[in-house]
Amino acid sequence: MRKRLFIYTTVLLLAGLLCFFAVTLHITRLNNTNIAKDMVQETASNYAALYNPDADLAAFVRTAGHTRITIIAPDGAVLADSRPLDFAPGTNHLDRPEVQAALRGAPAAYMRFSESVGVDFIYYALQVPSGGSYVFVRAAMPVARVDGYLMQSLPILIAVLAVITALCFIFSKHIINRITRPFESVERKLRKLSAGDYSPEQIEGSYEEIDSLTQGIDEISLALQKGITELHEETSKLSYILDNIGDGLIVLDETQSISLINSAAMSIFEVRADIIGRNLNYLSFDGTLQSAVDQCVNQDSSALFELPLNGRIYLVAVKRLADTVLTMVALSDVTENRENAKRREEFFANASHELKTPLTAIKGFNELASINNKDEDLSKYIGSIARETDRMLLLIGDMLKLSELGTTQAISPTEVSLAGVVSEVTEALSPMISEKEIIVEAAGDAVISAEHEHVYELLKNLIENAVRYNNHGGRVTVSMESDNKGSYLFVYDNGIGISPEDQSRIFERFYRVEKSRSQKSGGTGLGLSIIKHICALYNWNLTLKSKLGVGTEISVEF
Ligand code: ADP
């Protein structure tokens with residue numbers, strides 16, 4: 001700033017001084033010219049007064065010195081000239097403006113270029129009586145002489161100009177320094193601010209406006225300092241929290257580079273170095289995580305899946321953060337849960353097995369007792385034992401089916417016609433159907449790829465529930481269809497329906513809306529759990545729609 005200001009003022013000052021110098025020169029020259037004109041006029045008047053027609057004119061004009069004197073006849077012929085070589089012989093001078101002016105009786109000085117000599121001259125002529133006629137006495141002086149006077153004073157002028165210029169330089173430098181110093185202090189202050197130094201500083205030699213500016217800067221510094229301190233506190237609080245939660249947390253930016261990772265996530269992926277800004281691939285070469293993130297980003301959705309990693313199982317949630325370009329990945333270690341669940345499943349399966357053998361024996365012995373029994377009272381008890389053991393065997397059967405489904409690793413699918421399985425199921429359930437006088441309708445068909453046993457279980461439980469929880473004389477419709485997208489099954493009934501609160505719970509094991517009714521009609525509370533497990537095994541979509549007192553629709557998208 002200072003350098004520029006200095007250049008501008010110097011150029012301005014020099015231009016001003018040069019203009020002043022030029023104007024002074026011009027005025028001096030004009031002045032000198034006027035003086036010269038007066039001198040020429042005076043000389044012409046003197047020679048006109050001294051003119052004697054009988055004297056030797058050549059000798060008369062020779063006395064002229066630096067000024068040129070010309071005696072011109074009325075016809076314009078030169079009678080005598082102090083510089084006879086300055087014009088061509090026989091040159092007529094009558095047309096010269098100064099001669100014409102004298103002839104008119106209004107003599108005047110003229111400055112013009114002398115063609116004969118080749119320089120500017122100042123001319124002045126007077127008409128002087130000569131015997132019975134007249135002559136013109138003309139005086140002339142070269143302008144170069146006027147300029148000569150000027151040139152004499154030029155060194156003094158230049159010296160004065162140089163001194164003024166030097167003084168101007170010194171003063172302008174001093175003034176510019178004074179003006180720019182506070183600005184430089186402000187600039188220094190702002191630099192300190194950007195470097196994180198918020199301490200207030202007094203600016204020397206400042207002006208009122210600069211003072212209010214620095215005051216403003218000080219206020220901003222204080223506010224900034226406060227804001228940054230608060231931000232630091234918040235950030236350290238946040239990172240403390242993030243680093244102390246057991247779950248791993250990663251935030252990815254739009255290029256899927258890591259913009260935040262907490263300590264738990266770093267230890268899950270066994271990374272130690274600073275990996276902020278690195279791509280997600282750096283964490284795991286397993287494509288599962290990458291493709292889940294890709295899918296969530298492309299479809300603006302979320303994903304939940306299990307990821308085995310370094311001998312542990314993690315439940316991974318991937319979510320696009322709304323209104324941002326960020327994606328959040330949360331990893332929760334569910335190894336213990338899975339192991340506990342596995343242990344529970346094993347216990348469930350073992351207990352069911354262990355119960356089945358003595359129960360089958362009780363049932364056998366009870367049948368033997370019923371054959372050999374003649375006592376009517378005892379028959380009642382034997383009948384009750386038979387009903388309860390049947391119910392318990394049914395229950396154990398369902399429990400075994402459930403645990404089998406939970407541990408099934410591989411399936412051997414065949415092509416199964418849904419309509420075929422529906423007729424097998426209605427056949428098996430015919431006693432129940434006819435007892436309640438239910439109308440069962442089957443429409444359409446679809447062939448799917450699955451194990452027959454699983455499809456049978458699915459349809460048996462669905463139709464059994466539609467009949468069991470129906471009113472006497474109710475209607476059950478099983479509809480099957482397929483298109484190029486897949487196959488679909490719908491089981492409708494116009495039975496008692498399920499309330500919205502119960503709809504979210506009926507797929508839980510042993511959950512029954514009305515325990516007594518379910519038990520009375522032979523339900524185990526495991527039917528829908530079995531259905532859910534079968535659908536999960538094949539990745540089928542299970543949907544429930546129901547309205548209390550109107551009916552229920554359960555559909556499966558294969
Ligand atoms: P359950 O052996 O008791 O029928 P489920 O698991 O098959 O066990 O069903 C759980 C509960 O869901 C049932 O007790 C019943 O209350 C309700 N439910 C199931 N299907 C229907 C249906 N079609 N209509 C009304 N309620 C139903």
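**Figure 1. Helix 9 meets helix 15 in this predicted model.** Here we zoom in on helix 9 and helix 15, the latter made of residues 527-538. Their axes come within 10 Å and cross at roughly 20°. An angle under 35 degrees counts as roughly parallel, so helix 9 is roughly parallel to helix 15. As for handedness, helix 9 passes helix 15 in a left-handed crossing.

**Figure 2. Helix 8 packs against helix 9.** Now look at another partner of helix 9 (residues 376-407): helix 8, which spans residues 335-372. The two pack at an angle of about 155°, and their axes are 9 Å apart. Because the angle is over 145 degrees, helix 8 ends up roughly antiparallel to helix 9. What is the contact of helix 8 with helix 9 made of, by class? Count 15 nonpolar residues, seven polar ones and four charged ones. The crossing of helix 8 past helix 9 is left-handed.

**Figure 3. D81 and R68 pair up between two strands.** First, a bit of background for this view and the next two. Side chains of opposite charge can pair when their charged atoms come close. In this close-up, D81 forms a salt bridge with R68, and the closest N and O atoms are 3.1 Å apart. D81 sits in strand 2 (residues 78-81), while R68 belongs to strand 1 (residues 68-72). That puts the partners 13 residues apart, so the pair links distant parts of the chain. Are D81 and R68 buried or exposed? D81 is buried, and R68 is too.

**Figure 4. E234 and K237 join hands within one helix.** This salt bridge has an N to O distance of 3.4 Å between the side chains of E234 and K237. Both residues belong to helix 5 (residues 208-244). Why are E234 and K237 separated by about one helical turn? Because they are three residues apart in the helix. Check the accessibility as well: E234 comes out at 46%, so it counts as partly exposed. K237 has a relative accessible area of 48%, which makes it partly exposed as well.

**Figure 5. D333 and R312 tie strand 10 to strand 9.** The side chains of D333 and R312 meet in a salt bridge, 2.9 Å from N to O. D333 lies in strand 10 (residues 327-333) and R312 in strand 9 (residues 312-320), so the pair ties together parts that are 21 residues apart in sequence. D333 is partly exposed, with a relative accessible area of 34%. R312, at 30%, counts as partly exposed too. Elsewhere, some salt bridges share partners: E98, R112 and R138 are joined that way into one network.

**Figure 6. E98 sits in helix 3.** E98 is found in helix 3, which covers residues 97-103. Is E98 buried or exposed? Its relative accessible area is 0%, so E98 is buried. Now hop along the chain to S529, 431 residues away from E98. The C-alpha atoms of E98 and S529 are separated by 135 Å.

**Figure 7. V128 and I71.** V128 lies in strand 4 (residues 119-130). With 7% relative accessibility, V128 counts as buried. Along the chain, V128 and I71 are 57 residues apart, yet their C-alpha atoms are separated by 9.7 Å.

**Figure 8. Two residues with a positive phi, E270 and D323.** Neither of these is a glycine. E270 has a phi of about 55°, and you'll find this residue in the loop between helix 6 (263-268) and helix 7 (287-299). For D323, phi is near 60°. Where is D323? Look in the loop between strand 9 and strand 10. D323 is exposed, as its relative accessible area is 85%.

**Figure 9. Two cysteines, C296 and C535.** C296 has 1% relative accessibility, so it counts as buried. C535, at 2%, is buried as well. A disulfide is a covalent bond between the sulfur atoms of two cysteines.

Note on methods. Residues numbered from 1 in each chain as written. Predicted model: local features only at pLDDT ≥ 70, side-chain atom pairs only at ≥ 80, totals over all residues. Heavy atoms only, no water. Axes fitted to C-alpha atoms, helices over the stretch in contact; angles between N-to-C directions. Helix = DSSP H or I, 4+ residues; strand = E, 2+ residues; numbered from the N terminus. Parallel < 35°, antiparallel > 145°, perpendicular 65-115°, else oblique. Left-handed = near helix turned anticlockwise from the far one by under 90°. Nonpolar A, V, L, I, M, F, W, Y, C, P; charged D, E, K, R; others polar. Buried < 20%, exposed > 50% of the residue type's maximum accessible area, 1.4 Å probe, protein only. Salt bridge = Lys/Arg side-chain N within 4 Å of Asp/Glu carboxyl O.
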